[in-house]
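Let's learn to read a protein model together, one feature at a time. Take a look at the picture, then follow the questions.

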Amino acid sequence: MTTFSQLLEDLKAQHDIEIQDLREKIFELKRSNVELQAEALGGSSSTSSVPFPDGGSDTAQEQSSLDSAAGRRSVAEQVSQALRAGEARWDRQCASLPKLKGFLQSDTYELLVGFLILANVLLMAVDIQYQGFQVGFGIRYPRREYPASQVWPGADVAIVGLDYLFLALFTIDL
């Protein structure tokens with residue numbers, strides 16, 4: 001029989017392995033991110049550098065090689081500027097719709113979306129209950145003499161319709 005301390009040690013060992021796997025994935029994602037940024041800005045991904053915990057890098061060149069003699073900004077600065085430009089563009093587009101922008105950034109809107117989520121959860125519960133009626137009828141469960149379509153007539157159409165409504169509302173929310 002294993003003791004609690006043995007189980008705890010096994011759990012810690014598994015946790016350490018998972019942490020190491022996540023670190024490796026993070027480094028891969030950082031490398032891919034730098035390469036994509038360099039490609040998007042017309043640079044070469046071979047000049048990028050991703051620092052590693054041991055102090056090394058994935059290439060022999062340093063991050064400063066991204067800056068040319070003409071004073072080009074680093075990839076990070078260019079991406080940051082592009083993001084700021086996108087935010088400024090959004091602000092300009094929303095300037096004509098200040099009430100909409102205010103509503104979308106309000107607590108009221110967040111509460112509305114929260115209530116939509118709760119309503120969707122209730123619809124899922126109703127759908128499961130409807131399916132349970134049908135399964136109960138199918139396996140001849142006691143007191144389930146009728147199919148779900150007779151117990152709740154029209155519920156199947158209403159559930160599918162409401163599912164599509166929630167799909168549309170949540171898609172618009174994105």
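Q: How many helices and strands does the protein have?
A: Start by counting the elements. This is a predicted model, and the protein in it has six helices and zero strands. Walk from the N terminus and the elements read α-α-α-α-α-α.

Q: How do I look at one helix, say α1: how many residues does it have, and what does it reach from first C-alpha to last?
A: Compare its span with the expected one, which uses 1.5 Å a residue. Helix α1 covers residues 4–40, so 37 residues, and its ends lie 53 Å apart, close to the 54 Å expected. Now try α4: it has 32 residues and reaches 46 Å, close to the 46 Å expected.

Q: Which residues of α1 are buried?
A: A residue counts as buried when its relative accessible area is under 20%. In α1, Phe-27, Val-34 and Ala-38 are buried. For the whole protein, buried residues make up 14% of the 174 residues.

Q: And which residues are buried in α4?
A: Here you'll find Tyr-109, Val-113, Asn-120, Leu-123, Tyr-130, Phe-133 and Gly-136. Their cover includes α3 (98–104), α5 (148–151) and α6.

Q: Which residues make up the largest nonpolar core?
A: For a core, look for buried nonpolar residues whose side chains join up. The largest one here has seven residues: Leu-123, Tyr-130, Phe-133, Ala-148, Ala-155, Ile-159 and Phe-166. The elements giving two or more residues to this core are α4 (107–138) and α6 (155–173).

Q: What does Tyr-130 touch?
A: When you list contacts, skip the residues up to four places away in sequence. That leaves Ala-148, Ser-149, Trp-152, Ala-155, Asp-156 and Ile-159 as the residues Tyr-130 touches.

Q: Why is Leu-112 called partly exposed?
A: Partly exposed lies between the cut-offs of under 20% for buried and over 50% for exposed. Leu-112, which sits in helix α4, is partly exposed because its relative accessible area is 44%.

Definitions and conventions
Residues are numbered from 1 along each chain as its sequence is written. This is a predicted model: local features need pLDDT of at least 70, side-chain atom pairs count only at pLDDT 80 or more; totals for chains, interfaces and linings use all residues. Side-chain values use heavy atoms; hydrogens and water are left out. A nonpolar core is a set of buried Ala, Val, Leu, Ile, Met, Phe, Trp, Tyr and Cys residues joined through side-chain atoms within 4.5 Å. Buried means under 20% relative accessible area, exposed over 50%, partly exposed in between (1.4 Å probe, protein chains only). Helices (H or I, at least four residues) and strands (E, at least two) are DSSP runs, numbered from the N terminus. Contact means heavy atoms within 4.5 Å.
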